[in-house]
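Here is a friendly walk through one protein chain, meant for someone meeting it for the first time. Please keep the picture open as you read.

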Amino acid sequence: MSERLFVLLQHVLPKQKLTHLFGLAARHRGGPMTQWMIRRFITRYGVKMEEALSSDTSAYTTFNDFFTRALKEGARPLADTRLISPVDGAISQYGPIEDGQIFQAKGKSYTATALLAGDAELARTFHHGFFATLYLSPSDYHRVHMPCDGRLLRMSYVPGTLYSVNPVTARGVDSLFARNERVVCLFDSANGPFVLVLVGATIVGSMQTVWHGVVNPPRGGSIRHWDYSDRNITLKKGEEMGRFLLGSTVVMLFPPGPLQFNADWAPGRPVRMGEPMAD
């Protein structure tokens with residue numbers, strides 16, 4: 001799909017239809033066309049293929065395979081801190097959750113309850129706790145890893161809109177991350193429960209977790225829940241927990257208690273998976 005055609009389709013198709021169309025193209029084993037898409041994407045977004053486990057584009061038979069490519073062993077060393085960045089991307093916002101409100105951008109906040117699809121009881125767990133929002137651009141590595149050791153308790157798929165989640169949209173759309181389609185994952189850890197939310201966006205074809213596989217599609221109009229409390233699904237710090245197709249955002253919620261974010265952090269600063277997030 002050429003960039004000019006894609007821009008045209010953005011103006012004439014609903015976002016759900018556009019996402020479906022792109023999802024089909026991204027899964028298609030298109031041979032020369034797939035290779036053209038991959039090479040064009042690498043050039044357009046400056047993808048650092050030297051970090052990939054396979055830098056040879058012919059190794060990827062679909063665009064999805066390329067986009068969710070693995071990194072070389074040791075490409076992302078893990079910091080010896082309580083929390084590490086779970087993704088490559090850029091810091092959107094981070095800090096305290098004040099009276100249940102999560103800061104989105106200047107003049108805009110949204111509630112933890114809204115992010116968690118109306119689960120007020122779970123949201124109270126993070127009242128006066130902490131949050132971190134990290135944005136993944138199209139050029140970034142798109143596997144999501146664990147910020148710390150955690151045992152999975154439950155997961156929810158929350159249908160929603162498909163707004164772009166880039167910084168400009170975050171400044172302009174109220175409650176953006178609580179309105180977009182998302183997958184909410186609740187874990188327990190040595191420092192209490194925490195939530196890791198995978199937030200969808202325009203043309204995010206799918207979100208996946210390592211314990212479930214593809215969560216969406218299918219897309220639907222109702223919330224879906226999975227309870228894992230009777231299973232021992234435990235993931236170590238730095239272990240992969242999921243992945244995106246195309247750019248999106250991760251929002252994390254942590255409970256009240258002593259937590260000191262990395263002093264070098266600031267909104268807009270790039271981050272890499274494995275670097276210190278907080279002690």
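**A guided tour of the chain**

Let us begin with a pair of charged residues: lysine 236 and aspartate 149 meet through their side chains in a salt bridge, at 4.0 Å from N to O. This pair links distant parts of the chain, 87 residues apart. Lysine 236 sits in the loop between strand S13 (234-235) and S14, while aspartate 149 belongs to the loop between strand S6 (143-145) and S7. With a relative accessibility of 38%, aspartate 149 counts as partly exposed. Please bear in mind throughout that this is a predicted model.

Side chains of opposite charge can pair when their charged atoms come close. How many salt bridges does the chain hold? The count comes to nine. Another one joins arginine 76 to aspartate 88, whose closest N and O atoms are 2.7 Å apart.

Now step back to the chain as a whole. Its secondary structure comes to eight helices and 17 strands. Of its 279 residues, 53% count as buried. Among contacts with a separation of 6 or more, 75% are between residues 24 or more positions apart. The chain exposes about 12,600 Å², and carbon and sulfur atoms supply 54% of that area.

What lies inside? In soluble globular proteins, nonpolar side chains tend to be buried together. In this model the largest nonpolar core has 37 residues, and those with the most contacts inside it are Phe187, Leu198, Trp211, Met241, Val250 and Met277. Several strands give two or more residues to this core, among them S7 (150-158), S8 (182-188), S9 (194-199) and S15 (248-254). The largest share, four residues, comes from S5. A second, separate core has 26 residues, including Ala112, Leu115, Tyr135 and Val173.

The tour ends with two backbone details. Aspartate 99 has a positive phi of about 55°, although aspartate 99 is not a glycine. You will find aspartate 99 in the loop between strand S2 (89-96) and strand S3 (101-105), where aspartate 99 is exposed, with a relative accessible area of 57%. Alanine 117, also a residue other than glycine, has a positive phi near 60°. The place of alanine 117 is the loop between helix H5 (112-115) and helix H6 (120-125), and at 28% relative accessibility alanine 117 counts as partly exposed.

Methods. Residues numbered from 1 in each chain as written. Predicted model: local features only at pLDDT ≥ 70, side-chain atom pairs only at ≥ 80, totals over all residues. Heavy atoms only, no water. Core = buried A, V, L, I, M, F, W, Y, C linked by side-chain atoms within 4.5 Å. Buried < 20%, exposed > 50% of the residue type's maximum accessible area, 1.4 Å probe, protein only. Contact = heavy atoms within 4.5 Å. Areas by Shrake-Rupley, 256 points an atom, 1.4 Å probe, with all protein chains shown as cover.
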